[in-house]
Amino acid sequence: MPRKLLHESIQGHRITAIDRRAKYLLIRMQDGSVLVFHLGMTGKLGMFPMAAPKAPHDHLRLLLDNEMELRFNDVRRFGSITVWPADHAIIQEEEFNSSKGIEPFGPEFTAASLTRLARRRSMPVKTFLMNSRLIAGIGNIYANETLFAASIHPQTRVNLLSEKQWQKIIDCCLRILTLAIAAGGSTISDFLGASGNPGYFQLQLAVYGKKDEPCPGCGAKINKETLGGRATYYCSNCQSI
Ligand SMILES: [Zn+2]
């Protein structure tokens, strides 16, 4: 943890904005410095009264001027805390942005730009959607659900997809991400949303985690295979290559 930078750039400063880029949370300070969190697999940020008992694995506690503490807890420690000090923050953020893919809710997430990005690539569409250097922030659950909703087989080579199919993928992806955000995220084992409440999106999942269960579209059994090292669920009847 960048303890010295935390003292110099964050302690005593005023928070002016909170943003997200890819899987990172950016807390912006008035002088331009930025506190950057990655939640990893099990990281959680929560607001607690100062007197609330400390939990094991609380790696950072920031006392705010409303007597509340912002606490970062991470059991498995895959998360990270970084500070971009004010004098380097603009350059560090530019470098950071250039290594991240298109944001699903940003203006570049269009059928035209995805077609262009896919033209010289022959990877399976699911692997493409999950490559964070190409597209930021579509995790495994949402890639599975998006392709089912768009009736596209996860193994389909990206250079074979038409602009119309990309548009369908975009529409389904945005609808599913919007629903997931409204439901507070997806709960897998020990993940909790920022408010400490579990998300309930998994109750609405169509294919993810449903091997051998009936497809909600046609009743055929849902298949599971490993693609790009990740569990991949699909209906071979409803999703064509
Ligand atoms: Zn089906």
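Begin by selecting C235, which counts as buried because its relative accessibility is 0%, where buried means under 20% relative accessible area, exposed over 50% and partly exposed in between (1.4 Å probe, protein chains only). This is a predicted model, in which local features need pLDDT of at least 70 and side-chain atom pairs count only at pLDDT 80 or more, while totals for chains, interfaces and linings use all residues. Residues are numbered from 1 along each chain as its sequence is written, and side-chain values use heavy atoms, with hydrogens and water left out.

Then show the zinc ion, which C235 and C238 coordinate through their SG atoms together with the SG atoms of C215 and C218, at 2.2 to 2.4 Å; donors are N, O and S atoms within 2.8 Å of the metal (3.2 Å for Na, K and Ca), and, as water is not among the atoms, sites may look incomplete. The angles among the four donor atoms are 102 to 116°, and the site is tetrahedral, a label given to four donors if all angles lie between 85 and 135 degrees.

Now move to residues 15-21, strand β1, which runs antiparallel to strand β2 (residues 24-29) and is joined to β2 by six bridges; strands are DSSP runs (E, at least two residues), numbered from the N terminus, and two of them pair if DSSP finds at least two bridges between them. Select I27 in β2, the bridge partner of I18, and then L35 in β3, which is the bridge partner of I27.

Definitions and conventions. Four donors count as tetrahedral if all angles lie between 85 and 135 degrees; four count as square planar and six as octahedral if opposite donors are over 155 degrees apart and all others between 65 and 115; anything else is irregular. Helices (H or I, at least four residues) and strands (E, at least two) are DSSP runs, numbered from the N terminus.
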